[in-house]
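Here are some friendly notes to read alongside the structure. Take them one at a time and find each residue as you go.

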Amino acid sequence: MKWVNKGEELKAYQLQQPESGKFYVFGAGDIGRGLYVTLSHFQMFAGFIDNNVQKQNNGFCGQPVYSYQWFLENGNGGTIVVAANEANEAEISRQLQENNCKYYLSGIFLHKILPLLLFQKKDLLFMNLAQICVTERCTLSCAKCAHGCWAVSRNAEDMKLEEVYVSADTLFSKIDYIHEFVLIGGEPLLYRYLKEAVEYIGEKYRDKIGTFSITTNGTITPDRALLNCCKKHRVFFRISNYVKAIPALQGQYDKLDKILSEADVGYYLGKAEEVWWDYGFSDTLQEESAEQLIQKFDQCMTPCRETRNGKLYYCVMARTVSDNLGYHIGEDDFLDLESLTEGDLGRRILLEYNLGYSEKGYLEMCAKCRGKDCRNYPVTAAEQLR
């Protein structure tokens, strides 16, 4: 969206929250866990709902899990956030629509609804997802890496530790709470100062983070010092599962399962990934008008913000691909956090930027990206170039 009245764009949007001020989370799994942490922080969690009888019997995150029928009879018309993967979202949505239930899908809720609601009702700046890319280097060489890390030398220079500190300090000086804050790469376990980065952010900002995580391809085993630090600051490992393309990784995943479990460090190893989406990112710029690029950008709704040396990048992939492939496109496509206007105006500008407003209404790298249409271009996940 293109700024027309910067800092005043959202004044007309007034959201209605549930009468109780709380939301039910439909889905007692990984997505639901994250929503529970965030909503509980703001005293906005009403309860879990799940169709799985075993989960209803056992509970989840120390909370009871209600059946959908219970909600219909006892939920008093409460509002639901659907916390499920795409395969289950459609079925749950169908259930809710049959009974005219009020609900949001988790992506829309975290990306648009909750940021607006918390700003309007509590004067708080909330962000769904923010990342620090500590290194562009990687242990793998994936042909369709969405960050272009296959082009980065293993001898390339990483972020300096002081840069990591500044990146975190600047963002958290402006944002009140982040649903998930991630240290990523490349492969972040290649970063020699990863423990120090975790310790610094954990000590200073853990109470402003719902889920503090590290995204890894699982090829490197974390050492004891890092594991102890991660346990202390409740850092969660998200392990990409590339065993379909690289069968030899299964033994490493088994090893990580054992080590992380014994260290009492939370982690999630997803199902083996078979398909990625090809975003394009070719050498050729697509011939699109500014209006077409704005439309593509608005439909994309990527949640992946990056904080880097006092700058906030709307799309981490746009920044990393441009840098790693040497495109030098969109180098001014960021919000300078350090020069933001003080007070309410600056906070409204930051909220608008996080929700997709900018001077042009799109990113220069959008002309090299397929955006939402990338789903029409499936490719083999983690196919190796070497």
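1. Let's start with a cysteine. The sulfur of Cys61 lies 19 Å from the closest cysteine sulfur, which belongs to Cys230, and that is too far for a bond. Cys61 itself is partly exposed, with a relative accessible area of 32%. Please keep in mind that this is a predicted model.

2. Now look at Cys304. Its closest cysteine sulfur is in Cys315, 6.6 Å away, again too far for a bond. Cys304 counts as buried, at 18% relative accessibility. A disulfide is a covalent bond between the sulfur atoms of two cysteines. The cut-off used here is a pair of sulfur atoms within 2.5 Å, and the structure holds zero disulfides.

3. Next, helix H7, which runs over residues 194-205. Its twelve residues reach 16 Å from the first C-alpha to the last, close to the 16 Å expected at 1.5 Å a residue. Among its buried residues are Leu194, Val198, Ile201 and Tyr205. The buried residues of H7 pack against several elements, including strand E6 (126-133), helix H6 (161-172) and helix H8 (224-232).

4. Which residues of H8 are buried? They are Leu226, Leu227, Cys229 and Cys230. These residues cover an arc of only 165 degrees around the axis, so they sit on the same side of H8. Their cover includes H7, E8, E9 and helix H9 (249-262).

5. Finally, the ends of H8. Asp223 caps the N-terminal end, with a side-chain oxygen 3.3 Å from the backbone nitrogen of Ala225. Just after H8, Arg234 takes a positive phi of about 55 degrees.

Technical notes. Residues numbered from 1 in each chain as written. Predicted model: local features only at pLDDT ≥ 70, side-chain atom pairs only at ≥ 80, totals over all residues. Heavy atoms only, no water. Buried < 20%, exposed > 50% of the residue type's maximum accessible area, 1.4 Å probe, protein only. Helix = DSSP H or I, 4+ residues; strand = E, 2+ residues; numbered from the N terminus. Expected span 1.5 Å × (residues − 1). Contact = heavy atoms within 4.5 Å. Arc of directions from axis to C-beta. Polar contact = N/O pair within 3.5 Å; in protein donor to acceptor, adjacent residues only side chain to side chain.
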